[in-house]
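Let's take a walk through this protein chain together, from its overall layout to a few of its side chains. Keep the structure open beside you as you read.

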Amino acid sequence: MSFMSFEYPKPRLHPKHNNWCEDLPENHEPQLVPPQLRWLTERNDIYLEVPRYRIEVMWGGMLFSAFLSFISAALMMMMFVIQYGLKGYDLFVMIVGGGGSIVALLLLFYALKTYFIEPRSLPIRLNRKRQKLYVYNYKQPWQPWRKAITRISVYNWADIHGEVHFESTPGIRGYHLYGALCEPGTHQVVERFVLAKEWGEREQLNQIWSYLCMYMQHDDELPPP
């Protein structure tokens with residue numbers, strides 16, 4: 001009596017990512033999944049730009065945090081003024097009231113800065129004339145008063161391979177479409193970066209990859225997002 005052996009799919013790229021789920025077709029091959037984008041910033045004969053919205057930041061929560069910080073700072077200052085007027089100089093009141101007010105004001109500044117100044121989208125841009133991929137990255141300095149730093153990484157599209165990963169970390173849980181930069185002509189990964197994220201629709205990522213590949217293949221019969 002013979003048993004049929006079943007082999008699980010193995011990743012094409014090396015080294016394997018711990019959260020790997022699926023390899024997508026090579027970007028120069030025919031795409032079998034119908035192309036579809038959910039969001040689009042710009043598309044013309046030269047380049048395509050797609051936003052990557054930051055889902056790890058609760059923007060509404062930042063406004064709520066700013067409101068709570070403002071109330072806390074006002075109460076601390078009020079306690080400091082009232083206590084100082086009634087009892088005069090008090091070291092404990094100076095520390096609690098003054099220090100608490102400074103901390104609350106710093107939190108207020110950080111929440112307002114995050115909500116109004118920090119970028120909500122870190123787009124990717126594909127230039128099919130040059131066959132280049134531009135990925136916008138964001139870095140927040142440890143000093144909350146300093147402006148965020150936006151850096152642009154440039155890759156050769158021919159060296160980019162598509163993968164689907166599943167992230168289980170709270171806050172970023174869901175399926176992610178990753179671009180893997182490999183050494184030219186090989187499957188040896190040099191770097192990985194996120195191209196798109198979905199909470200639960202894995203098929204949507206396949207459609208996004210198809211859209212990007214078909215655009216770079218100069219296929220203009222693409223549906224609107």
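What follows goes from the fold to the core, then to the charged pairs and the surface.

A word on the ground rules: this is a predicted model, in which local features need pLDDT of at least 70 and side-chain atom pairs count only at pLDDT 80 or more, while totals for chains, interfaces and linings use all residues. Residues are numbered from 1 along each chain as its sequence is written, and side-chain values use heavy atoms, with hydrogens and water left out.

Start with the whole chain. It has three helices and nine strands, where helices (H or I, at least four residues) and strands (E, at least two) are DSSP runs numbered from the N terminus. Along the sequence, they come in the order β-β-β-α-α-β-β-β-β-β-β-α. Of the 225 residues, 37% are buried; buried means under 20% relative accessible area, exposed over 50%, and partly exposed in between, using a 1.4 Å probe and protein chains only. Among contacts (heavy atoms within 4.5 Å) with a separation of 6 or more, 61% join residues 24 or more positions apart.

Now step inside. The largest nonpolar core has 28 residues, and L133 and W157 have the most contacts inside it. Such a core is a set of buried Ala, Val, Leu, Ile, Met, Phe, Trp, Tyr and Cys residues joined through side-chain atoms within 4.5 Å. At least two core residues come from each of β3 (47-50), β4, β5, β7, β8, β9 and α3, with α3 giving the largest share, nine residues. Look around W157 and, beyond residues up to four places away in sequence, you will find contacts that include L126, L133, W209, L212 and M216.

Next come the charges. Side chains of opposite charge can pair when their charged atoms come close. A salt bridge here is a side-chain nitrogen of Lys or Arg within 4 Å of a carboxyl oxygen of Asp or Glu, and the count comes to six. One of them joins E26 and R12, with the closest N and O atoms 3.3 Å apart. E26 sits in the loop between β1 (20-23) and β2 (42-43) and R12 in the segment before β1, so this pair ties together parts 14 residues apart in sequence. E26 is buried at 11% relative accessible area, whereas R12 is partly exposed at 25%.

Which residue pairs with D220 in a salt bridge? The partner is R128, at 2.8 Å from N to O. D220 lies in the segment after α3 (202-216) and R128 in the loop between β4 (124-127) and β5 (132-139), so the bridge connects parts 92 residues apart in sequence. R128 is buried at 4%, while D220 is partly exposed at 46%. D45 joins R128 and D220 in a network of salt bridges.

E163 and R192 form another salt bridge, with closest N and O atoms 2.8 Å apart. E163 belongs to strand β7 (residues 160-167) and R192 to strand β9 (residues 189-198), and both residues are buried. E163 is also among the contacts of H176, a residue of strand β8 (residues 174-182) that is buried at 2% relative accessibility.

Finally, turn to the outside. F64, F67, L68, F70, I71 and L75 form a nonpolar surface patch with about 620 Å² of accessible area together. Patches are made of residues with over 30% relative accessible area and no salt bridge, with like charges joined within 9 Å and nonpolar side chains (Val, Leu, Ile, Met, Phe, Trp, Tyr) within 5 Å. Areas come from the Shrake-Rupley method with a 1.4 Å probe, and for residues only the protein chains shown count as cover. L68 lies in helix α1 (residues 59-87) and is partly exposed at 42%.
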